[in-house]
Amino acid sequence: MQIKSAAERDHAAIVRIILPTIRAGETYALDRDLSAADALAYWTNADRRTYVAEQDGAVLGTYYLRANQAGGGAHVANCGFMTDTAAAGRGIARAMGTHALDQARAHGFTAMQFNFVVSTNVRAVRLWESLGFTAVGRLPGAFQHPRLGSVDALVMFRTL
């Protein structure tokens, strides 16, 4: 697997990966009806570095890296990750997570924070914990899950 900076030629693959997750509405606090163009603009915004994970020429995952806050919070990284649903369970998210930690260090970040990990996204919570993140806060009922109703969101953090 190769993880590299996303290029314009990767945009169609990024949209193919992120739209089903956005539409499902189970893991991201984004408008489920976001257009493909707006979803791509969100994922590739100028304030972030966007990456893709490729295997055998196919893009199977994508993530972005950015400063979590401006000014006094700019030393803390923030990321978003999505994997092609057909490639789930193949270690792509773990590889991207490890890559993101390395990239964050290389870009001078001293910590990483996930602001809103939906507590029912058990695979993500387990992955981030295995990569050294700790839930430092719980936001009771902060996310409206389309099937489960109000569920908690976690703030997860680790130093680099």
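These exercises work through salt bridges in a predicted model.

**Exercise 1.** Find how many salt bridges the whole structure holds, then state which residue pairs with Arg147.

*Solution.* 
- Search the whole structure: seven salt bridges turn up.
- Go to Arg147. Its salt-bridge partner is Glu26, with the closest N and O atoms 2.9 Å apart.
- Arg147 sits in the loop between strand E6 (134–145) and strand E7 (149–159), and Glu26 in the loop between helix H1 (11–24) and helix H2 (36–43), so the pair ties together parts 121 residues apart in sequence.
- Check exposure. Arg147 has a relative accessible area of 60%, so it is exposed, since the cut-off is over 50%.
- Glu26 has 27% and is partly exposed.

**Exercise 2.** Work out where Asp47 and Arg66 lie, and which network includes them.

*Solution.* 
- Start with the contact: Asp47 and Arg66 form a salt bridge, closest N and O atoms 3.7 Å apart.
- Locate the partners. Asp47 is in the loop between H2 and strand E2 (48–55), while Arg66 is in strand E3 (residues 58–67). The pair is 19 residues apart and links distant parts of the chain.
- Asp47 is partly exposed, at 41% relative accessible area.
- Now follow shared partners. Salt bridges join Asp47, Arg48 and Arg66 into one network.

**Exercise 3.** Are Asp102 and Arg105 buried, exposed or partly exposed, and which helix holds them?

*Solution.* 
- Their side chains meet in a salt bridge, 3.1 Å from N to O.
- Both lie in helix H3 (residues 92–106), three residues apart, or about one turn of the helix.
- Asp102 has a relative accessible area of 42%, which makes it partly exposed.
- Arg105, at 36%, is also partly exposed.

Conventions. Residues numbered from 1 in each chain as written. Predicted model: local features only at pLDDT ≥ 70, side-chain atom pairs only at ≥ 80, totals over all residues. Heavy atoms only, no water. Salt bridge = Lys/Arg side-chain N within 4 Å of Asp/Glu carboxyl O. Helix = DSSP H or I, 4+ residues; strand = E, 2+ residues; numbered from the N terminus. Buried < 20%, exposed > 50% of the residue type's maximum accessible area, 1.4 Å probe, protein only.
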